[in-house]
Amino acid sequence: MFADKDICKRCGACLDECPFDLIVEDREGFPKLRPAAKKTCINCGHCVAVCPVGAVTLPEMPVTAGLSPAQCAPFDRELKVTPEQADQFLSGRRSVRTYKDKVVPGEVLEHLFSVSGFAPSAKNGQPARWIVTRTPEATRRLAGMTVDYMATNSIMPGVVKNWARGVDKILHGAPHVAVAHAPEDGFNPAEDCALAAAYLELAAHAHGLGACWAGFLMEVAEGCCNIRRELGIPEGHGVYAALILGYPKYRYKRIPTRRPVEIGWLD
Ligand SMILES: Cc1cc2nc3c(=O)[nH]c(=O)nc-3n(C[C@H](O)[C@H](O)[C@H](O)COP(=O)(O)O)c2cc1C
């Protein structure tokens, strides 16, 4: 059963929310799923999440996992951030390039990745897969492989020179690096992975950790078989994001300015 008729108020919120109009009213005005849902439902869970009384359960179907209200975390209004808090949180995030010599516990990293899973993704495909270094040694090994590739292919000689004198401009001596990959033939793998990485970066910021995109590793990993092999990137997957992670050495006392955002208004 899609809606529990004992508690459903027939408010229509689930109908309004379905991105593919897969919910219709039955003769009594209760919501029911159209047969097309079997193929088209993307399991976004909006119908379950929006129901004010918890009457909606998405059944298990060939292409969806099914979802009951009991599986969903309640939205706690007490935890809602104010607009001012959100503004400062977002504008106060920085790309962190100096880290404490301290690894991040596995359970903390796992929690951050679980939050990143809530990033929007095309058709709720959630294609991002992550490979994460558990140790600073593994992180440094990847930095070294990146530099080797850059040196061989005459990419950014300044970065290579820095490495030779002990300065890591690739992964900034961070204890961890996380690389996102996804099937190349998905709907929007690059956007989906970038958004998952953006969520990961913000989740890290919220938990007192620092992060920074590792652009050199990302670029090199796409073309370097050794790094792809080291990371275990499956055939047919692209590397779409890489973030270093760790505890920041410094705290930022000010928020640097940014160019005014250009907006073209259309009436
Ligand atoms: C796709 C992408 C690649 C980046 N690559 C690197 C990188 O290789 N090394 C680095 O130190 N920062 C890198 N950054 C971080 C940017 O330099 C940083 O976001 C920018 O300077 C603004 O600073 P903020 O993030 O602290 O506001 C990258 C950012 C993005 C979005």
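Predicted model: local features only at pLDDT ≥ 70, side-chain atom pairs only at ≥ 80, totals over all residues.
A residue here counts as buried if 20 or more other C-beta atoms lie within 10 Å of its own, as exposed if 12 or fewer do, and as partly exposed in between, with C-beta atoms placed from the backbone. Residues are numbered from 1 along each chain as its sequence is written.

**The overall layout**

- The chain holds 10 helices and six strands; these are DSSP runs numbered from the N terminus, with helices being H or I of at least four residues and strands being E of at least two.
- Along its principal axes, the C-alpha trace spans about 75 × 45 × 45 Å.
- The chain splits into domain 1 (13-71) and domain 2 (87-246), with bounds that come from an automatic or database domain assignment.
- Between the C-alpha centres of domain 1 and domain 2 there are 36 Å.
- Take the contacts in the chain with a separation of 6 or more: 74% of them are between residues 24 or more positions apart. A contact means that two C-beta atoms, placed from the backbone, lie within 7 Å.

**The four-stranded sheet**

- An open sheet of four strands runs in the order β3-β4-β6-β5, with antiparallel pairing; strands pair if DSSP finds at least two bridges between them.
- β3 (129-132) and β5 are the edge strands, each with a single partner, so one side of each has no neighbour in the sheet.
- On average, neighbouring strands of this sheet are turned by 25 degrees against each other, direction ignored. Axes are lines fitted to C-alpha atoms, for helices over the stretch in contact, and angles run from 0 to 180 degrees between N-to-C directions.
- Helix α8 (residues 189-206) packs on the sheet and touches β4, β5 and β6. The direction of α8 makes about 10 degrees with that of β6.

**A closer look at β6**

- Strands β4 (residues 176-183) and β6 (residues 237-246) run antiparallel and are joined by eight bridges.
- How many of the 10 residues of β6 are buried? Nine are, so to speak, under cover, and the strand is mostly covered.

**Around the ligand**

- The ligand is surrounded by R94, S95, R97, C212, W213, A214, G215 and F216; a residue joins this shell if its C-beta atom, placed from the backbone, lies within 6 Å of the molecule.
- Two elements give two or more residues to the shell: β5 (210-213) and α9 (215-223).
- By class, the shell has four nonpolar, two polar and two charged residues. Ala, Val, Leu, Ile, Met, Phe, Trp, Tyr, Cys and Pro count as nonpolar, Asp, Glu, Lys and Arg as charged, and the others, Gly among them, as polar.

**Helix α9**

- The buried residues in α9 are F216, L217, M218, V220 and A221.
- They pack against α6 (136-152), α7 (157-164), β4, α10 (225-231) and β6.

- P120 sits in the loop between α5 (106-116) and β3. P120 is exposed, with 12 other C-beta atoms within 10 Å.
- P120 and L195 are 75 residues apart in sequence, yet 6.9 Å apart in space, C-alpha to C-alpha.
- L90 belongs to helix α4 (residues 83-91). L90 counts as exposed because it has 11 C-beta neighbours inside 10 Å.
- L90 and A221 are 131 residues apart along the chain, and 29 Å separate their C-alpha atoms.

**Two positive phi values**

- Most residues other than glycine have a negative phi.
- R10 is not a glycine, but has a positive phi of about 55 degrees. R10 lies in the segment before α1 (13-17), and is partly exposed, with 15 other C-beta atoms within 10 Å.
- N43 has a positive phi too, near 60 degrees. N43 is in the loop between α2 (37-40) and α3 (46-50), and its 17 C-beta neighbours inside 10 Å make it partly exposed.
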